[in-house]
Amino acid sequence: MSDAVTMDKIVSLSRRRGFVFPSSEIYGGMGSTFDYGHYGVLMKNNIRERWFEAMVRNRDDIVAIDSAVILHPKVWEASGHVAGFTDPLIDCRTCKLRFRADKLEDSSCGRKPSKHPGETPECDLTEPRRFNLMFETTVGALQEEASRAYLRPETAQGIFINFKNVLQIARRKPPFGIAQIGKSFRNEITPGNFLFRVREFEQMEMEYFVPPNDADKWYRYWIDERVNWYRHYGLRDSKLRVREHGPEERSHYSRGTSDIEYEYPIGWSELEGVANRGDFDLTQHTEYSSTKLEYVGQDGERYVPYVIEPAVSIERIMVALLVDAYDEEVVGERDRTVLRLHPKMAPVTAAILPLIGKSDDMVAKARSLYEDLRRRHSVEYDDNGAIGRRYRRQDEIGTPWAFTVDEQTLEDDTVTVRDRDSLAQERLPIAGVGGWLEDALERDWKSPKGD
Ligand code: GAP
């Protein structure tokens, strides 16, 4: 097995198999913006579902929320985003390109042969200026200062401003968490690397409110929980690491931040961040809104909880899963590209295939099995083309198992099940396929690519 995965191969497979398309293509495209096709949607649903299961459904201490994208503009003053959510920006008056001042050595000048900005005599760079990453919009009919609002750049603030509601209505006491999944928007100056850095992405964030003295314990706890979640869904240990930020690297609100990094084809980069935000957010919103956001116990004990926050986007997880899963091998003198995805992350759990698409009997049996399984699983029926080609297609979208109806099925009501990774085939009774699939989905899974 090879690990010759590049971002270009992932982009090409995603497009070829209908996971992700460049957006607005018929109008010439809109750089670094993407639309999700059928398999991309199914895979995103799985990522969302697995996260929600681990963070909310399987726990007693975390509740969900779904806040608005456009919040009161004062939210972003209180959070520090209006004043501080900026990148230093430099323009080149010659090539008209825009660069991040702190990333010049990673940027390419618009002129050929390509150099870094400022390295050719023609480069004419402006002084750095601060550029706010929030997308502005106006609310209502009047386009005036008073109607200015922002698309949220993180989902977290929608959680903090609902702290009191949850405390009262869900009757929680620290430690407890509020989780949210939803779109966030950032006018990134240098988007790129496929879905890794985009301007519109879906965040999954959880704010865990704890007694201040316990904050460090919970910070470590959430780093471990989240790393274990990635391991559970098959990301290889050798490609995962935790990197703690130094004090100079931390955000204004942070008392401690660790990045869970994955070794993407672009190098080790942040997959998810886990931060100890202290009491910064609740204190700021108390001050700006004049609403006290604190915990008051029955015995009169009162304090502003500290917040531990694991935050990630579906996009970064999707790229990590695809990269980790991508494999090429030669089987029987033919090249095979396969996505070795965890079965619970794969867009399609099983394919149902009649060996001969023109056999009415095989089609009838296969369709009946498909109709039965589709009520509980994401399954696909395919009778189009040679069986080898159908297997290859399923391999490329990462389908872990294929059930094939053949001549023997017509005699004894058994089917073969083919394993995507080992290519092993076994026979089982058609009536037992549903149960077999349930069991197989619950088995521990490790990437066949190794550790
Ligand atoms: N509430 C904290 C927060 O938003 P962040 O480190 O700016 O912190 C959290 O973002 C996570 O959101 C990142 O770890 C990454 O997974 C994802 N993310 C941030 N910017 C992104 C972008 N432009 N495109 C895709 N994902 C992004």
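Biologist: What percentage of the 451 residues in the protein is buried?

Modeller: The model is a predicted one. A residue counts as buried when its relative accessible area is under 20%. Among the 451 residues of the protein, the buried share is 52%.

Biologist: Among contacts between residues at least 6 apart in sequence, what share joins residues at least 24 apart?

Modeller: The protein has 13 helices and 23 strands. Contact here requires heavy atoms within 4.5 Å. Of the contacts between residues at least 6 apart in sequence, the share that joins residues at least 24 apart is 66%.

Biologist: Which strand gives the most residues to the shell around the ligand?

Modeller: The ligand sits in the largest pocket, and 21 residues surround it. Strands β10 (200-210), β13 (267-278) and β16 (306-313) each supply at least two residues of that shell. With five residues, the one that gives the most is β13.

Biologist: Is threonine 155 buried or exposed?

Modeller: Threonine 155 lies in the loop between β8 (148-150) and α5 (156-160). Leaving aside neighbours within four places in sequence, its contacts are Gln180, Gly182, Lys183, Ser184, Gln203 and Glu205. Because its relative accessible area is 0%, threonine 155 is classed as buried.

Biologist: Why is phenylalanine 135 classed as partly exposed?

Modeller: Phenylalanine 135 is placed in the loop between β6 (129-132) and β7 (136-138). The partly exposed class runs between the buried limit of 20% and the exposed limit of 50%. Phenylalanine 135 therefore belongs to that class, since its relative accessible area is 25%.

Biologist: How far apart in space are phenylalanine 135 and leucine 151, C-alpha to C-alpha?

Modeller: Not counting residues up to four places away in sequence, phenylalanine 135 touches several residues, including Ala149, Tyr150 and Leu151. In sequence, phenylalanine 135 and leucine 151 are 16 residues apart. In space, their C-alpha to C-alpha distance is 5.6 Å.

Conventions. Residues are numbered from 1 along each chain as its sequence is written. This is a predicted model: local features need pLDDT of at least 70, side-chain atom pairs count only at pLDDT 80 or more; totals for chains, interfaces and linings use all residues. Side-chain values use heavy atoms; hydrogens and water are left out. Helices (H or I, at least four residues) and strands (E, at least two) are DSSP runs, numbered from the N terminus. Buried means under 20% relative accessible area, exposed over 50%, partly exposed in between (1.4 Å probe, protein chains only). A residue is near a molecule or strand if one of its heavy atoms lies within 4 Å of it. On a 1 Å grid over the protein atoms alone, a cavity is a set of points where a 1.4 Å probe fits but cannot get out, and a pocket is an open set with protein on both sides within 12 Å along at least five of seven lines; lining residues have an atom within 4 Å of a point. A molecule sits in a cavity or pocket if more than half of its atoms lie within 2 Å of its grid points.
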